[in-house]
Amino acid sequence: MKLVTSEYRTISRISGPLLFLERVRGGRVGEMADVRLRSGEIKKGQVLQLMEGTAVIQVLEGTAGIDAEDSSVYLSGEVAKTGLSMDMLGRTFNGIGEPIDGLPPVIPEMRLDINGLPINPVAREKPSHFIQTGISAIDGLNTLVRGQKLPIFSGSGLPANELALQILTQAQAPGSTGDEGEGRFSIVFGAMGITAREAMFFRKGFEESGAIGRTTTFINLADDPTIERLFTPRISLTMAEYLAFEKGHHVLVILTDMTNYADALREIGSAREEIPGRRGYPGYMYTDLATIYERAGRIKGKKGSITLIPILTMPEDDITHPVPDLSGYITEGQVVLNRQMHRKGIYPPIDVLPCLSRLMNLGIGSGKTREDHRGVADQLYAFYARGRDARKLIAIIGEEGLSGLDKKYLRFADEFEKRFVSQEGEDRSISRTLDIGWKLLSMIPKTEFTRIKEEFITGHYSRGD
Amino acid sequence: MYEIKGKICEISGSTVIAKGMVGAGMHTTALVGNDGLLGEVIRIHGDRATMQVYEDTTGLGLDEEVISFGKPLMAELGPGLLSGIFDGIQRPLEALKAASGNFISRGIKRRALDSSKKWDFVPKLKKGDTVSSGDIIGEVQETERIVHRIMVPPGITGTIEEIKEGSYTIDEPVTLLDGGRSISMCQEWPVRRPRPVNGRLNPDTLFVTGQRVFDTLFPVAVGGMAIVPGGFGTGKTVVEQSLAKFSKADIIVYIGCGERGNEMTEVLTDFPKLLDPFTGQPLICRTALVVNTSNMPVAAREASIFTGITIAEYYRDMGYGVALMVDSISRWAEALREISSRLEEMPSEEGYPSYLGARLAAFYERGGRFTCQGSPERTGSVTIISAVSPPAGDLSEPVTQASLRVSGALWALNTDLAYRRHFPAVDWNISFSLYYEGLKGWFAREVSEELPSLKNEAVAVLQKEGELKEIAQLVGIEALQDSDRLTLETGGILREVFLRQNVFSATDAFCPIDKQFRMLKCILSFYTVGLNALKDGLSLDSVLSCPEKASLFRMSEMPVEGFSEWALGYIESLKKRFCL
């Protein structure tokens with residue numbers, strides 16, 4: 001670190017969120033800068049790139065009001081850091097970690113680089129603890145495991161926020177010790193570019209569920225500077241790492257909406273005149289998203305864990321859009337919301353077919369959930385897929401053209417959506433979820449069961465009702 | 001050794017430009033900045049050298065010093081590679097953890113191999129023998145299973161003046177040659193250059209994976225190359241991991257290139273416990289891991305596949321059959337694209353540099369079956385199984401297409417199958433293998449001459465099933481002829497029983513090739529006998545409701561022992577029921 005901060009009055013160019021500073025000596029990539037305007041106002045910035053004495057600085061609060069003549073820039077010599085303290089639980093901050101709840105600033109216990117460092121793969125502990133969210137489509141078919149990163153792929157107008165809040169309030173993990181000390185459960189909520197209405201929705205939800213005291217909130221609203229969005233998930237995860245790996249908490253992190261984050265990344269990319277990739281997003285977006293998502297996990301010898309639920313909006317409900325596509329390649333599965341199911345009045349409108357939890361097998365089975373869990377999930381999937389095929393068929397040939405068996409599958413698919421997926425406001429235990437699963441499976445003749453062990457069928461198969 | 005010192009004048013992401021670098025060579029390494037981050041020169045312009053830096057450049061400053069030693073990026077090769085886990089530039093992750101804790105901080109340097117550990121060296125040659133490149137001078141028991149053959153490094157010849165026996169570290173000389181030269185158990189090799197061989201051999205032996213859809217339908221030969229493209233969630237990693245677990249190879253090199261940390265943790269915790277189905281030894285004893293997860297520095301990700309294949313070639317040179325798993329090559333290509341764009345090179349398709357295809361081909365062609373250099377005479381192979389992650393699952397994208405041009409087998413994974421939880425989600429309509437003709441002799445010798453024709457019949461049934469399904473969607477299934485409905489049923493059985501395989505089931509995860517053959521034979525016998533029965537006037541219901549059809553579904557979970565007897569009995573009982 002430098003002892004003296006250096007001041008420059010050599011701004012040569014201002015372009016979008018970027019500012020070009022000349023004759024810089026000894027600047028550092030990633031160091032934070034203060035831009036002092038003629039009015040005395042100070043804006044924060046960060047050095048992105050250095051070339052031949054020119055520093056490219058992204059200005060967080062936007063470049064409005066900065067002029068090349070009278071504004072000056074101070075380089076701090078320090079990379080972006082955030083102060084951390086246990087007092088931050090229950091508090092609300094803006095997208096770059098400044099309090100916005102009217103309370104005084106926190107006195108930090110430590111200050112850490114918001115970019116974090118990659119977890120050494122040999123230091124990671126294999127996730128293996130089942131988290132019961134109380135939602136059948138997740139617990140039964142796409143089980144969430146402690147230390148996992150499982151995003152919700154939503155579309156505009158779909159109830160992703162409601163689902164996230166429900167998961168937050170219902171999530172139980174065996175072994176967490178309630179509200180005190182190590183092993184306690186806390187929440188970090190990071191919001192990028194959400195509306196004031198959404199922010200209020202979450203705030204109210206936290207208050208009503210009593211979770212507010214164990215929640216740290218970082219909010220960048222839709223009308224806040226976009227560049228700050230690049231900082232919000234990193235600050236949120238730095239807080240989560242502090243809680244999980246310094247204080248031993250089981251931390252659930254919600255980041256919403258990653259699509260807004262990606263758009264901010266694209267904005268900086270185009271301001272830097274980088275070669276755009278698919279849909280204008282920068283070519284390094286995969287790596288950039290990975291440095292966020294990969295911060296979830298467990299570490300050997302540490303009691304805490306970070307479970308990450310990012311929410312993102314699929315533009316036009318298109319799962320092949322770069323944001324959901326690249327996210328899906330990094331995260332350990334995905335929960336996908338579906339507009340048709342939403343229109344049918346199914347809540348949560350989870351389309352289980354494209355959903356996946358890659359870590360499911362680590363968290364289920366005897367001793368964790370139930371020994372028949374894997375088989376029930378696989379068989380429900382196979383039958384439901386077949387039922388959906390039958391649904392497509394009747395569009396062409398009418399229900400009369402279906403064989404008797406296909407008609408059974410058709411009914412199965414309808415009932416599955418109505419009784420298994422749909423669960424307005426209900427908090428289901430895992431064994432209740434699996435029992436409902438068996439009831440539904442029993443609508444199909446035993447001879448059709450190919451993915452489940454004989455011994456479980458005899459124990460659970462009941463005559464369909 | 002000479003030193004060239006320069007100063008940083010530009011920093012952009014993972015690329016750094018330094019001036020005052022006259023004399024620095026292309027693809028030589030340099031220590032960059034006050035923290036001494038490792039970098040590699042990738043462009044020279046006047047006195048300026050552009051380097052890709054293998055560590056995070058945050059906090060790196062202008063005017064900091066750059067030192068080049070004129071040495072390319074090297075891999076360290078010797079006993080201790082197996083059961084080791086390294087990052088993209090071969091730093092041992094365990095040692096990094098000991099040095100910097102749970103998170104990887106910057107500027108830490110650690111040797112790949114443990115230089116304090118002693119290995120028992122057993123000489124195979126004696127004083128007075130003349131040696132040249134690749135000759136095996138002695139052996140070390142590296143793991144319970146693998147004998148590590150100590151070879152004369154490429155390019156060295158001479159007469160042995162002294163050869164030792166006993167416990168030595170990798171740096172102590174175990175053989176002295178005339179002229180004062182010595183050979184230790186450890187050698188270095190530049191990762192970007194293929195290790196020398198004597199000649200290439202034909203791929204004519206099956207690379208046994210124990211997965212029915214691969215071995216029987218789309219086999220890859222020992223020394224061949226298969227690519228596994230698929231959208232997210234289609235099971236690329238599960239395919240790579242089950243091949244790493246169950247395929248018949250002496251050595252596995254697994255490259256986790258820009259993928260998930262938790263997946264590597266799974267490999268790390270599972271492999272010491274899982275046993276090799278062929279030898280009963282823990283899998284980790286035959287495995288070396290090169291891991292550069294998606295959040296680790298992007299330039300080191302670019303280097304990781306070269307580090308990995310150099311280790312693979314080194315064991316190949318000992319005469320071993322090596323399988324190289326790359327998961328995923330697309331992440332490597334993205335790293336290449338990112339560096340290329342920082343260099344402001346003219347992009348071609350999708351922003352990838354125009355040399356993407358050439359680089360990929362050069363990498364893939366390092367695989368193959370070879371006669372190795374040196375004596376005794378031996379052959380070794382590197383079989384490459386490379387996962388590809390096409391954006392949006394679209395196979396027309398550049399990385400998939402460039403890989404396809406040089407690959408011998410395509411195992412395309414299909415999102416729709418994955419949604420139905422049909423795993424491995426291999427799309428039998430577009431996958432292919434160019435090795436089949438060359439492997440026919442092997443199948444005839446090791447399994448049965450009948451297998452290729454059974455396979456053709458199965459493919460034909462699947463093809464017909466696809467067509468019939470389309471018709472059934474238009475006219476309804478009841479309108480189809482009985483024989484066509486039997487074809488539909490058989491296609492369903494082939495998919496559900498034969499192509500689908502449960503990697504989580506202890507019995508089904510690995511299916512020996514002989515059981516594969518017999519399963520296929522049973523299914524197709526049911527089909528043939530059933531068709532004849534229909535011709536003889538029996539009803540479709542009587543064929544479909546026979547207990548022989550139901551028992552087909554239990555085959556995958558039946559134990560391997562006694563399966564061939566069961567299969568013979570099965571065909572007998574089929575004939576008894578329908579051919580009287």
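How many nonpolar, polar and charged residues does the lining of the largest cavity have? By class, that lining has 20 nonpolar, 14 polar and 12 charged residues, and the model from which these values were computed is a predicted one.

**The largest cavity**

- The volume of the largest cavity is about 1100 Å³, and its lining is made up of 46 residues.
- Nearest to the centre of this cavity lie Asn115(A), Asp288(A) and Thr291(A) from chain A, together with Asp56(B) and Thr58(B) from chain B.
- At least two lining residues each come from β5 (42-51), α5 (258-271) and α6 (285-293) of chain A, and likewise from α5 (298-317) and α6 (329-342) of chain B.
- Among these elements, α6(A) gives the most to the lining, with four residues.

**The second largest cavity**

- The second largest cavity holds about 170 Å³ of space and is lined by 15 residues, of which Arg278(A), Leu326(A), Glu334(B), Arg337(B) and Pro391(B) lie nearest its centre.
- Two or more residues of this lining are given by each of α6 and α7 (322-330) of chain A and by α6 of chain B.
- By class, the lining of the second largest cavity divides into eight nonpolar, two polar and five charged residues.

**Helices α10 and α11 of chain A**

- Helix α10 (residues 373-397) and helix α11 (residues 404-421) of chain A pack with their axes 7 Å apart, at an angle of about 115 degrees.
- Because angles of 65 to 115 degrees count as roughly perpendicular, α10(A) is described as roughly perpendicular to α11(A), and the crossing of the two helices is left-handed.
- On the α10(A) side, the residues in contact include Leu380(A), Phe383(A), Tyr384(A), Leu393(A) and Ile394(A), while those of α11(A) include Leu405(A), Tyr409(A), Phe412(A), Phe416(A) and Phe420(A).
- Charged residues also take part in this contact, among them Arg386(A), Arg388(A) and Arg391(A) of α10(A) and Asp406(A), Asp414(A) and Glu417(A) of α11(A).
- Counted by class, the contact of α10(A) with α11(A) has 13 nonpolar, one polar and six charged residues.

**Helix α13 of chain B and its two partners**

- The axes of helix α12 (residues 482-499) and helix α13 (residues 513-535) of chain B come within 10 Å and cross at roughly 165 degrees; α12(B) and α13(B) are therefore roughly antiparallel to each other, and α12(B) passes α13(B) in a right-handed crossing.
- Among the residues that meet in this pair are Leu486(B), Ile493(B), Leu494(B), Val497(B) and Phe498(B) of α12(B), and Met519(B), Leu520(B), Ile523(B), Phe526(B) and Leu531(B) of α13(B).
- The contact of α12(B) with α13(B) has 12 nonpolar, five polar and one charged residues.
- With helix α16 (residues 563-578) of chain B, α13(B) again has its axis within 10 Å, and the two axes cross at roughly 0 degrees, which makes α13(B) roughly parallel to α16(B).
- Here the residues of α13(B) include Asp514(B), Lys515(B), Arg518(B), Lys521(B), Cys522(B) and Val529(B), and they meet a set in α16(B) that includes Phe563(B), Trp566(B), Tyr570(B), Ile571(B), Leu574(B) and Phe578(B).
- The residues of the contact of α13(B) with α16(B) divide into 12 nonpolar, two polar and four charged.

**Backbone details**

- In chain A, a cis peptide bond with omega of about -10 degrees joins Tyr347(A) and Pro348(A), and Pro348(A) lies in the loop between α8 (339-343) and β20 (356-357) of that chain.
- In chain B, the peptide bond from Asp327(B) to Ser328(B) is cis, with omega near 0 degrees, and Ser328(B) is placed in the loop between β22 (321-327) and α6 of chain B.
- Glu273(A), a residue other than glycine, has a positive phi, near 55 degrees, and Glu273(A) is found in the loop between α5 and α6 of chain A.

Key: Residues numbered from 1 in each chain as written. Chains lettered and ligands numbered in written order. Predicted model: local features only at pLDDT ≥ 70, side-chain atom pairs only at ≥ 80, totals over all residues. Heavy atoms only, no water. 1 Å grid on protein atoms, 1.4 Å probe; cavity = no way out; pocket = protein on both sides within 12 Å on 5 of 7 lines; lining within 4 Å. Points joined across faces, edges and corners; volume = space filled by probe spheres on them. Axes fitted to C-alpha atoms, helices over the stretch in contact; angles between N-to-C directions. Parallel < 35°, antiparallel > 145°, perpendicular 65-115°, else oblique. Left-handed = near helix turned anticlockwise from the far one by under 90°. Contact = heavy atoms within 4.5 Å.
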